[in-house]
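Dear colleague,

I am passing on the structure we spoke about, together with some notes on its side-chain contacts. Please have the sequence and the model open while you read.

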Amino acid sequence: MSPRRMHPTFAQRAATRATGFASVGEAASVVRLAVPGTARAGSGGRWGLVLGGGGVLGAAWLVGALEALERARGIDARHAEIILGTSAGSVIGALLAAGVSVADQRGQQLGEQDPTAELTARLAGVAFDPDQPAGSALPPRPRLRPGSTALLRNNRGSLREIPRATLLAGLAPAGRGKMVGVAKLVEAFVPAGEWTSHSGYRAVALDYETGRRVVFGAPDAPPAGLSDAVLASCAIPGWFEPVTIGGRRYVDGGMWSANNVDLLADAGLDEIFVLAPMASAAYDAPGDWRARVERRLRVASTRRCLAEAREVQLRGTAVTVLGPGPEDLQLMGYNLMAPERRRVVLESAVRTGTVAFSEPPSAKVSADTAVPLDLDVNRSEHG
């Protein structure tokens with residue numbers, strides 16, 4: 001079967017919908033929403049990281065993208081004022097918040113344990129196999145009943161106010177999978193029941209009864225241990241068991257949004273870097289029908305991510321959104337939970353991310369010529 005073309009103009013249309021000062025990268029999947037006059041990260045500006053969800057391969061891609069960001073901007077990801085993680089991003093972010101460097105995380109992902117390197121000091125003896133964080137590339141057989149009828153019942157009169165993915169989370173059968181390895185990894189640095197010393201770390205989960213976001217680590221959030229909050233943020237409905245914290249059940253925060261960028265709209269930061277494994281402003285042309293379905297879902301996720309980024313930009317914060325480009329997508333395929341491509345995806349993210357962060361802005365859009373960004377992100381778009 002010959003490859004079918006995706007919609008090559010989506011990136012340009014998505015970027016130009018963002019009024020003000022926007023540009024889309026030519027060589028890789030990057031969209032920049034600038035705010036003139038703001039201080040840059042590494043030059044006195046207050047800055048933050050948003051690390052999105054994307055399964056096992058998304059976690060590997062995030063590590064590569066973080067390495068590219070550090071190289072290009074001369075910053076240390078651990079020094080971000082706020083680290084907001086959702087699903088896979090909550091794991092990578094928790095390690096950063098606990099002081100584990102990007103270099104150490106890369107070494108663990110690639111199996112480069114050098115007994116003379118810092119990696120030993122940070123990750124030696126940690127019983128975690130990056131090839132088995134979710135058990136397997138397929139979920140265990142779920143229970144044959146909806147995971148949360150309470151979520152559906154509590155939102156009966158406000159179905160248009162919550163994302164469709166949230167409704168699907170309630171309808172999906174309750175998962176049986178466990179993430180014992182992820183818990184042990186986090187608890188190797190922050191003991192069970194305790195929180196990280198990094199005051200700006202946040203993990204986004206979804207309350208399985210109300211269908212509303214909960215941002216663990218925020219001042220008004222329920223108390224939780226770091227490992228429990230991370231597991232809650234990663235608990236994909238239908239795959240993993242919901243995580244109970246303080247008597248309430250929580251599931252993957254990606255069931256509201258894969259990135260939840262809008263949560264930083266009032267953070268008062270100068271610059272935010274959004275590393276989004278499920279958002280792409282440039283696509284490949286896969287021949288496999290399963291990959292084409294994944295790309296369609298990716299378009300909707302990208303659309304939501306850019307709408308959230310635009311909301312943050314309107315509050316005076318410059319936003320750079322990086323997602324997998326065509327080369328990365330080819331390597332990822334259609335199953336983001338399949339670990340066998342993890343290493344090549346990480347290395348690809350370093351290459352494409354370095355290009356993205358280094359290339360000069362192009363396809364600039366002025367406030368006079370751009371059209372408003374459609375903020376109805378619950379609606380899907382197919383091109």
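The notes below take up cysteines, charged pairs and aromatic rings in turn.

Please keep in mind that this is a predicted model, in which local features need pLDDT of at least 70 and side-chain atom pairs count only at pLDDT 80 or more, while totals for chains, interfaces and linings use all residues. Residues are numbered from 1 along each chain as its sequence is written, and side-chain values use heavy atoms, with hydrogens and water left out.

To begin with the cysteines, a disulfide is taken as a pair of cysteine sulfur atoms within 2.5 Å, and by this rule the count is zero. For burial, I use buried for a relative accessible area under 20%, exposed for over 50% and partly exposed for what lies in between, computed with a 1.4 Å probe on protein chains only. On that scale Cys234 is buried, with a relative accessible area of 8%, and Cys305 is buried as well, at 1%.

Turning to charge, side chains of opposite charge can pair when their charged atoms come close. With a salt bridge defined as a side-chain nitrogen of Lys or Arg within 4 Å of a carboxyl oxygen of Asp or Glu, the structure holds 17 of them. One of these joins Asp262 to Arg213, at 2.9 Å from N to O. Asp262 sits in the loop between strand 8 (248-252) and strand 9 (271-275), whereas Arg213 belongs to strand 6 (residues 213-216), so this contact ties together parts of the chain that are 49 residues apart in sequence. Here helices (H or I, at least four residues) and strands (E, at least two) are DSSP runs, numbered from the N terminus. Within the pair, Asp262 is buried, with a relative accessible area of 17%, while Arg213 is partly exposed at 23%.

A further salt bridge brings together the side chains of Arg351 and Glu327, with 2.5 Å from N to O. Because Arg351 lies in helix 12 (residues 342-358) and Glu327 in helix 11 (residues 326-332), the bridge ties together parts that are 24 residues apart in sequence. Arg351 is partly exposed at 44% relative accessibility, and Glu327 is also partly exposed, at 33%.

Arg341 and Glu340 form a salt bridge too, their closest N and O atoms being 3.5 Å apart; Arg341 is partly exposed, with a relative accessible area of 23%, whereas Glu340 is exposed at 57%. Elsewhere, salt bridges link Asp284, Glu294, Arg295 and Arg298 into a network.

As for the aromatic residues, rings of Phe, Tyr and Trp (its six-membered ring) are counted as a pair if their centres lie within 6.5 Å, with planes under 30 degrees apart called stacked, over 60 edge-to-face and the rest tilted. This gives five aromatic pairs. The ring centres of Trp47 and Phe273 are 6.1 Å apart and their planes stand at 75°, so the pair is edge-to-face. Trp47 is in strand 3 (residues 47-51) and Phe273 in strand 9, which makes this a link between distant parts of the chain, 226 residues apart. Both Trp47 and Phe273 are buried. Trp239 and Phe240 make a tilted pair, with 6.0 Å from centre to centre and 35° between the planes; Trp239 is buried at 11% relative accessibility, and Phe240 is buried at 3%. Finally, ring pairs join Trp47, Phe273 and Phe357 into a cluster.
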